[in-house]
Amino acid sequence: MLRLLSKGSPWIGPRLFRAARLLPSASYHVSKLDPSLNTSYDSLTDYGSYKANIFTHRLPESTAQQSPPLVALHHRLRLPESYSLSTLSQALNCDKSTGLANNHGLSILGSNLLAYYISEHLLMKYPRLPLPVHNEATNAYIGPYSLAEIGRSWGIETDVRTKLQKYLANEPEFLTYGRLRFLSEEAKDAPQEEGIVELSELGSYDKNTKTYLTKEEEAYAEAVKAIIGGMYTHAGEESAKKFIQSHILSRKVPLHEMFQFSRPTRELTRLCEKLELEDPLEIRLIAETGRLSTHAIFVAGAFSGGHKLGEGVGASLNEAKTRAVVNALLSYYLYTPVNEQGEEIKTPSEENYKFEGIVGSGDVAI
């Protein structure tokens, strides 16, 4: 089997990428059945005869209540009493070969909820956000790497010990139900060599970051989405929305760092033309000090007639002008509308919603 040396190995140079940064190669994909489901069929083309022979069942609530990690996670996330421990255990199960219900369905539900509320938040709060920045912001909120970090911050443990190791440690079976289960027993029993990562241990390919996810990162992301899906199932939409606001939208994402202006002055000029401003764009020097010293400071502003669009400070005149133009563009793209009382506008998912925002006019062509 093809293997790769990881970054920590002494045989690899510091400039080589790690296994999770591999780029995909062109290949042909042939559809095949999932062997873990032990599927049987009368004919390969008779899809109605396909049947999974593995019986799946939900973990009894009485059994889930005896799992200390599961109870601790339930209290740590402040889940409501209506959120059953058996559903929480199902949200942590990514393994389809155990016979217990997995989190596939809950993960799809949670993914759709996350996509809706994150898009609603960005579109209503930043209606002028360019599409590439909007996509990057969405990925920063609910991308697989972000969700994996959130899952780790929740204190979710992984189940990577073999049955023999658990037996020798006299570990109760109830502990397993409160851990993230994503490896089969065959994968756990496989010998592990430090500093070496097998290609088979890599998960899916993330198109946004153009990197491979590890199976552990993929499992953490699926578990977070499944927990949110379970919140919607047991407590309703409003509780799921508050949970997303508390754990996902409460994180600060630096949107201003996601902008990259190749020609900011030209873009601001086109933007002024698009907005049909009466006066042309002018960049003026507002103040300066120490021009002949080694620590000069210049303050420049971008103006349209008597209206100041942006202001910038720099160690040189060109730097101050560029910063003024960039700040003018950021103030336009990161504009947040407010209602007549000066408060933030409501979103469509809130009660008594009334549209008081604006609709973005699209990206600026330069």
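Trainee: Is Tyr333 buried or exposed?

Mentor: A residue is called buried under 20% relative accessible area, exposed over 50%, and partly exposed in between, with a 1.4 Å probe and protein chains only. In this predicted model, where local features need pLDDT of at least 70, side-chain atom pairs count only at pLDDT 80 or more and totals for chains, interfaces and linings use all residues, Tyr333 has a relative accessible area of 3% and is therefore buried. Tyr332, with 12%, is buried as well. Residues are numbered from 1 along each chain as its sequence is written, and side-chain values use heavy atoms, with hydrogens and water left out.

Trainee: How many aromatic pairs does a search of the whole structure find?

Mentor: Rings of Phe, Tyr and Trp (its six-membered ring) pair if their centres lie within 6.5 Å; planes under 30 degrees apart count as stacked, over 60 as edge-to-face, and the rest as tilted. Across the whole structure, the search finds six such pairs. One of them is the stacked pair of Phe259 and Phe261, at 5.6 Å centre to centre with 20° between the planes, and both of these residues are buried. The ring centres of Tyr332 and Tyr333 are 5.4 Å apart and their planes stand at 70°, so this pair is edge-to-face. Ring pairs join Phe259, Phe261, Tyr332 and Tyr333 into a cluster.

Trainee: Which residues make the nonpolar surface patch?

Mentor: Like charges are joined within 9 Å, and nonpolar side chains (Val, Leu, Ile, Met, Phe, Trp, Tyr) within 5 Å. Here Leu164, Tyr167 and Leu168 make a nonpolar patch of about 420 Å². Leu164 belongs to helix 7 (residues 163-168), where helices (H or I, at least four residues) are DSSP runs numbered from the N terminus, and its relative accessibility of 56% is why Leu164 counts as exposed.

Trainee: Which residues form the negative surface patch?

Mentor: Asp and Glu count as negative, and the place of a Glu charge is taken as CD. The negative patch is formed by Glu237, Glu238, Glu350 and Glu351. Glu350, found in the segment after helix 12 (317-333), has 33% relative accessibility and so counts as partly exposed.

Terms used: Patches are made of residues with over 30% relative accessible area and no salt bridge: like charges are joined within 9 Å, nonpolar side chains (Val, Leu, Ile, Met, Phe, Trp, Tyr) within 5 Å. Accessible areas come from the Shrake-Rupley method with a 1.4 Å probe; for residues, only the protein chains shown count as cover. A salt bridge is a side-chain nitrogen of Lys or Arg within 4 Å of a carboxyl oxygen of Asp or Glu. Helices (H or I, at least four residues) and strands (E, at least two) are DSSP runs, numbered from the N terminus.
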